[in-house]
Every structure is written in structure tokens, then in C-alpha cells.
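Dear colleague,

Please read them alongside the coordinates.

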Amino acid sequence: PFLRLDTIQDNESYAKDQMKTLSVQENCRVSYKHRQHCVHRHILLGHTDKPVQLLLEVEQDSANFYLDSLRASLISSVSDSEVAQSTMKLVATNLIANDHLLEGCQLLCLIKKAVDACRYMQNFHHSSEAIWLAKVALNPEEYTEMMRYYVDQLVNKGSRHQAILLAISLGAYDKAAEILLATKLVTIAAPLVEACMEGGKWPEQADETRERVFVEYAKYMVSLNNIPAALWYCDKGGERGKTLGEELKLCAS
């Protein structure tokens, strides 16, 4: 997967930019395919009035007239009743299972199940569409959970530098530090951890990662023959750092 730069944009600004883009696409639409793209985007955004309006623009002699009229009626009649919600979810699941992923995800978004839609898109390798939907429709907790999964995907695909950027944009500094260590970029990992600690952003549950970073940075200082700096980082490296520091002192004596 390739990480678009706007993926690390804050979600509020991203959503505003996407609405502007959608507005331009609506004004410039010249074909049925373009109109369907706009309908799709509006539905994923949870809109109902606009996609109905666009669907009803279909010409009466078009082969899509009957289907689009039914879709417009369906969108207009969406209700919050438990029966309606259950039926829509069942239909959406059946559509997705039978190679109608986007149509099924549209139904899920109509009943405010955008999280489920994102997961289906991920599972069927529609990463770009899943990210778009996550940024415009999910709450911060749901978004972070989904994007941390995407960070792992990037790492597994060998796109570690992109994964680091995305992890930092999510505030997952411990994850970014772990990837930096695995990429042998301890000279970036250590300043990152120190900056996070100074700013109060380092998660308390990530002490083990912090200690590993400082121990590896201490080893890097040793390779530069900067023993005082190495000992200073050993003091910040927990038990492993303490052991390394004692070994360095013995060698220096």
C-alpha cells in the first residue's frame, strides 16, 4: 500500500477538503459514472437528501432508471427501527459476500455502521477507500484503532518509513519508536522518545520500548567512543541499561 500525504492530515481539515472536492465533482459531472461516484461518496458520508436527488436525475429511458429509482426510495425510507436496521445489515452482509462490496458498505453507512464498512473494505483490500471513510466518518477512537491496523499493514509490506509517519500522526509514538528500532534508526528513535517524554506524550505502558531505545542508543554512543554519553543513556535504560553501564565502567577501569 502507498501512503498518501493527506492521510496524515488532521481529520477535520481532511473532511472539509473532501467536501470541497465532492462539490467540484458534482458540478463537473458529465456521465452516469461520475454521478454514481458522487452518490457513493454522499452515502458514505451519511447524507440522504443529496444522493436521492442525484439518483432521481436518471433519464426515464435509461437502463438504470428502475434500479436507481429503487435505490432513491430505499435511501429515503431508511428508519431507526430495530427491524429496519437488522434487515439492512443482513442485506449489506449478503451483498458483500456476493461481490458487491461497495453497495453493501453503502447500506452499512446508511444505518450508521461506518466502522463495519471500514473493516469490510480493509478485509477486501480496498485500503484507500477504507482510509477515506475512516477519516470522514469515524470518531477519534475508532479511527485510531483502524489506522493502527493500517500501520501494521505498511510494516508488513516493507513500507516502514510510511508506517512511521502515520504512527506519529496518530500520536502512537511508542509504535513509531518500535518501527524505528526495527529499521535500525536508533538515532531518530532516541530523540523522538526524549521529545515525547519532555512533552508528556510518552505512554506509561510503553516503558519497555523506551528502555530498549535508550539501551540501543547507548550502544551507538559506545561505537562513537562517547562513553560519558553512553553511560548517561544507560541510566535511562532500566535494568538492561544498568547492566550495560556496569560493563562499560568495568572496561574503563
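The lining of the largest pocket divides into 13 nonpolar, six polar and two charged residues (nonpolar: Ala, Val, Leu, Ile, Met, Phe, Trp, Tyr, Cys and Pro; charged: Asp, Glu, Lys and Arg; polar: the others, Gly among them). This is a predicted model, in which local features need pLDDT of at least 70 and side-chain atom pairs count only at pLDDT 80 or more, while totals for chains, interfaces and linings use all residues. Residues are numbered from 1 along each chain as its sequence is written, and side-chain values use heavy atoms, with hydrogens and water left out.

A pocket here is an open set of points on a 1 Å grid over the protein atoms alone, where a 1.4 Å probe fits, with protein on both sides within 12 Å along at least five of seven lines, and lining residues have an atom within 4 Å of a point. The largest pocket has a volume of about 410 Å³ (the space filled by probe spheres set on the points, which are joined across faces, edges and corners), and Arg71, Leu74, Val91, Leu95 and Leu107 lie nearest its centre. Its largest lining share, six residues, comes from α5 (helices are DSSP runs of H or I, at least four residues, numbered from the N terminus).

The second largest pocket holds about 220 Å³ of space; of its 16 lining residues, Gly46, Cys109, Leu110, Ile111 and Lys112 are the closest to its centre.

Finally, α12 is followed by Gly200, whose phi is positive, near 70°.

Best regards

Conventions
Helices (H or I, at least four residues) and strands (E, at least two) are DSSP runs, numbered from the N terminus.
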